[in-house]
Amino acid sequence: MATIKDVARLAGVSVATVSRVLNKNGYVNQETELRVLAAIDQLEYQPNLVARTLANKRSGTIALILPDITNPFFPELARAIEDVARSHQYTVILCNSDDQFAREISYVELLAQKYIEGIIFASNTLSTEDIIRLKNQKLPMVVLDRALDYGYCNVVRCNNYLGAKLAVDHLLSIGCQKIAHISGAAPFITAMERLRGYEDRIRTYEWSSPDLTEPGHFTLEGGRQATLELLRRHPDLDGIFAGNDLMAIGALKALRQLGIEVPRQVSICGFDGIALTEITEPELTTVAQPIYEMGATAAKLLFAEIQGTLENKQVYELDVSLIQRASTERSGDVVESKDSGRR
Ligand code: RIB
């Protein structure tokens with residue numbers, strides 16, 4: 001296999017000149033550059049990426065740290081980030097943190113040793129102190145999704161609070177008269193903001209009650225369990241706002257187990273807008289996050305910081321949208337009373 005020295009010899013230049021042509025850094029006149037490129041083609045030279053990384057401490061790689069790629073929300077996010085990275089000739093290393101900050105920190109320290117050039121965190125809610133500690137690694141960083149207003153890095157998230165109000169308003173508009181909420185995992189900011197939006201929206205209703213909320217931990221089984229518990233407490237509830245789509249699918253499963261018809265007896269609205277909501281029976285109404293746009297925006301901000309063209313650090317809060325489907329399609333009739341024979 002040809003080496004960089006063979007290329008330099010054939011082109012009649014120094015190894016340093018070949019390196020400048022490969023790394024596109026430093027001046028090389030056009031005639032010399034063409035000679036070097038011709039020698040590379042003739043010898044079919046393949047640069048040693050490890051050696052190149054060590055030489056210029058740039059790996060051409062960024063990292064994405066997220067909670068759990070098996071949750072269908074995150075693959076669409078990851079795809080958007082990878083698409084933008086590829087357009088910059090970068091690759092992406094994916095790290096699952098399982099929402100453990102200690103694991104995130106150890107990833108950051110390990111990745112820094114591999115000359116990773118930037119990190120996108122789509123992870124558990126990092127505190128400002130965490131962010132300062134991470135910024136001490138001197139790595140460009142964007143926090144995505146579960147993010148506070150840190151001031152030390154760019155943040156991209158959706159408007160969770162208004163999205164929750166949008167979900168509850170929709171359930172009220174179709175005639176629901178007692179709406180429960182399956183909340184995500186505390187203390188994640190996305191779960192807390194959706195819970196706050198739900199609580200603020202129902203506060204003035206006489207049926208409003210703290211025990212109309214049950215945690216579902218952002219999982220399908222958590223949603224199923226929470227639904228069974230909520231119906232045990234409130235057999236007359238007729239609307240459920242789930243803090244993410246996986247929990248909404250779990251609620252569908254519980255209602256089917258109980259022989260309760262959706263939407264006629266209980267209507268359901270989820271949150272995220274993952275593709276699975278289109279194949280459930282009935283199809284799920286959901287508050288859709290602009291998942292791909294969030295991921296792409298985060299990646300573009302990271303590359304702007306890597307390339308030194310970033311103006312300033314701010315919070316980008318993207319809008320969500322209600323996608324109405326069969327799980328809330330009823331004519332607004334008053335819901336059946338408790339004695340409708342429903343257990
Ligand atoms: O489904 C996973 C949830 O965790 C999503 O709602 C996303 O916003 C993240 O916070």
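Student: Okay, I've got it open. Which strands pair here, and over how many bridges?

Tutor: Start with β9 and strand β10 (residues 285-288), which pair in the parallel sense over 4 bridges. Two strands pair if DSSP finds at least two bridges between them. Helices (H or I, at least four residues) and strands (E, at least two) are DSSP runs, numbered from the N terminus. Before we go on: this is a predicted model, where local features need pLDDT of at least 70, side-chain atom pairs count only at pLDDT 80 or more, and totals for chains, interfaces and linings use all residues. Residues are numbered from 1 along each chain as its sequence is written, and side-chain values use heavy atoms, with hydrogens and water left out.

Student: Got it. Which residue stands opposite Phe271 in β10?

Tutor: That's Val287. On β9's partner β8 (residues 239-242), 3 bridges do the joining, and those two strands run parallel. There, Phe241 stands opposite Cys269 in β9.

Student: How does the chain cross from β8 to β9?

Tutor: Through helix α11 (residues 245-257), in a right-handed β-α-β crossover. Right-handed means that, with the strands pointing away from the viewer, the path from the first strand over the helix to the second runs clockwise.

Student: Is β9 buried or exposed?

Tutor: 6 of the 6 residues of β9 (residues 267-272) are buried, so the strand is largely enclosed by the rest of the structure. Buried means under 20% relative accessible area, exposed over 50%, partly exposed in between (1.4 Å probe, protein chains only). Ser267, Cys269 and Phe271 cover one side, with Ile268, Gly270 and Asp272 on the other.

Student: What about Asp272, what's its phi?

Tutor: Near 135°, a positive value in a residue other than glycine. Asp272 is buried, with a relative accessible area of 5%. Asp145 also has a positive phi, near 80°, and is found in the loop between β4 and β5.

Student: Where are the cis peptide bonds, then?

Tutor: One joins Val262 and Pro263, with omega about 5°, and Pro263 is found in the loop between α11 and β9. Another joins Glu281 and Pro282, with omega about -5°. Pro282 has its place in the loop between β9 and β10.

Student: Switching topic: how many cavities does the search find?

Tutor: The search of the whole structure finds 2 cavities of 30 Å³ or more. On a 1 Å grid over the protein atoms alone, a cavity is a set of points where a 1.4 Å probe fits but cannot get out, and lining residues have an atom within 4 Å of a point. Grid points are joined across faces, edges and corners, and a volume is the space filled by probe spheres set on the points.

Student: How much space is in the largest one, and what lines it?

Tutor: About 100 Å³. The lining includes Asp145, Asp272, Arg146 and Arg194. By class it divides into 3 nonpolar, 4 polar and 4 charged residues. Ala, Val, Leu, Ile, Met, Phe, Trp, Tyr, Cys and Pro count as nonpolar, Asp, Glu, Lys and Arg as charged, and the others, Gly among them, as polar.

Student: Which domains does it lie between?

Tutor: Domain 2 (61-158 + 291-318) and domain 3 (160-290 + 321-341) both give residues to the lining of the largest cavity, so it lies between them. Those domain bounds come from an automatic or database domain assignment.

Student: And the second largest cavity, what's its volume?

Tutor: About 30 Å³. Its lining has 6 nonpolar, 1 polar and no charged residues, and Ile119 and Met141 are among them.

Student: Which strand pairs with β4 over there?

Tutor: Strand β3 (residues 119-121) pairs with β4 in the parallel sense over 3 bridges, and Ile120 stands opposite Val142. Another 3 bridges join β4 to strand β5 (residues 154-158), also parallel.

Technical notes. On a 1 Å grid over the protein atoms alone, a cavity is a set of points where a 1.4 Å probe fits but cannot get out, and a pocket is an open set with protein on both sides within 12 Å along at least five of seven lines; lining residues have an atom within 4 Å of a point.
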